[in-house]
Amino acid sequence: MKQFEKYCRRLFKPVLEDKFRFKIVDVKHTDFSDYLIYQNATTGIKISYEPREGGIFVLLSRLIDGKMPEYPIYIKADTILNSFDLEDIISFKLAKKGIGHKFKNYFRKYNFNRKASLVRNLTRYAEELEEHAAYILNGDFGDFPELEKIVKARGKLILKS
């Protein structure tokens, strides 16, 4: 969906490109999803639109050898995670501040497939990225070990169900 790319370029530019010196390094359009990958010297961000899977996803990664690492298909106890979903980061930050509990599917209720909603949702993601993940955009990955524990614990819960 070319509109997704156009909206991302416009809405994320002030935050990612202008403020944090990210550049777009990859753009893909497939039958099932579209995505843009941004990178600066330390961090990669994949913004994807997957209508069949529930909408928009924003993945933040610590670069490994200057590249965004592949997200592992299977996560084991010894798997080192270098990428986390923005929703998990926001939930973690809010819980750490004592504002609330970790929110399941923080943004999912805002994801719609209508054109107007896509713009509204991308705008909100850009705002939340700047508000809750600026430290990661600047290369501070200090919360990654705690985020890794949360993701791995959630995986254990899914396996038990």
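In which helix is Lys152 found? I found Lys152 in helix 4; helices (H or I, at least four residues) and strands (E, at least two) are DSSP runs, numbered from the N terminus. Before going on, I noted that this is a predicted model, where local features need pLDDT of at least 70 and side-chain atom pairs count only at pLDDT 80 or more, while totals for chains, interfaces and linings use all residues. Residues are numbered from 1 along each chain as its sequence is written, and side-chain values use heavy atoms, with hydrogens and water left out.

**Entry: Lys152**

I checked the accessibility of Lys152 and found a relative accessible area of 16%, so this lysine is buried. Buried means under 20% relative accessible area, exposed over 50%, and partly exposed in between (1.4 Å probe, protein chains only). I then looked for its polar partners, a polar contact being a pair of N or O atoms within 3.5 Å; within protein, one must be able to donate a hydrogen and the other to accept it, and residues adjacent in sequence count only if both atoms are side-chain atoms. The side chain of Lys152 has such a contact with the side chain of Glu148, at 2.8 Å. A polar atom of the Lys152 side chain also lies 2.8 Å from the backbone oxygen of Ala77. Leaving aside neighbours within four places in sequence, I listed Ile75, Lys76, Ala77, Asp78 and Thr79 as the contacts of Lys152 (heavy atoms within 4.5 Å).

**Entry: the strands**

I followed the strand pairing next; two strands pair if DSSP finds at least two bridges between them. Strand 2 and strand 3 are antiparallel, with six bridges, and a hairpin joins them through three residues. Gln39 has Gly44 in strand 3 as its bridge partner. Strand 3 also pairs with strand 4 in the antiparallel sense, over eight bridges. Here I saw Lys46 opposite Leu59 in strand 4, and Tyr49 with Ile56 of strand 4 as its bridge partner. Strand 4 and strand 5 run antiparallel and are joined by three bridges; Asp85 in strand 5 is the bridge partner of Leu59.

How enclosed are strands 3 and 4? Six of the eight residues of strand 3 are buried, so strand 3 is largely enclosed by the rest of the structure. For strand 4 I read seven buried residues of eight, so that strand is largely enclosed too.

**Entry: helix 2**

I looked at helix 2 and found it mostly covered, with nine of its 11 residues buried. Among the buried ones are Glu87, Asp88 and Lys93. Asp85 turned up again here: it caps the N-terminal end of helix 2, with a side-chain oxygen 2.8 Å from the backbone nitrogen of Glu87.

**Entry: rings**

I searched for ring pairs: rings of Phe, Tyr and Trp (its six-membered ring) pair if their centres lie within 6.5 Å, and planes under 30 degrees apart count as stacked, over 60 as edge-to-face and the rest as tilted. The count came to three aromatic pairs. Phe4 and Tyr49 are a stacked pair because their centres are 5.5 Å apart and their planes at 20°. This pair links Phe4 in helix 1 to Tyr49 in strand 3, 45 residues apart, and both residues are buried. Phe84 and Phe144 have centres 4.7 Å apart and planes at 70°, so I logged them as edge-to-face. Ring pairs link Phe84, Phe141 and Phe144 into a cluster.

I also checked for charges over rings (NZ of Lys or CZ of Arg within 6 Å of the ring centre and within 35 degrees of the ring normal). Lys46 lies over the face of Tyr35, at 4.2 Å from the ring centre. Lys93 lies over the face of Tyr135, at 4.4 Å.

**Entry: the core**

Which residues touch the most other members of the largest nonpolar core? I got Phe12, Leu16, Ile45, Ile47, Leu60, Leu122 and Leu129, out of 37 residues. Such a core is a set of buried Ala, Val, Leu, Ile, Met, Phe, Trp, Tyr and Cys residues joined through side-chain atoms within 4.5 Å. Helix 3 gives the largest share, nine residues. A second, separate core has five residues, including Tyr35 and Leu59.
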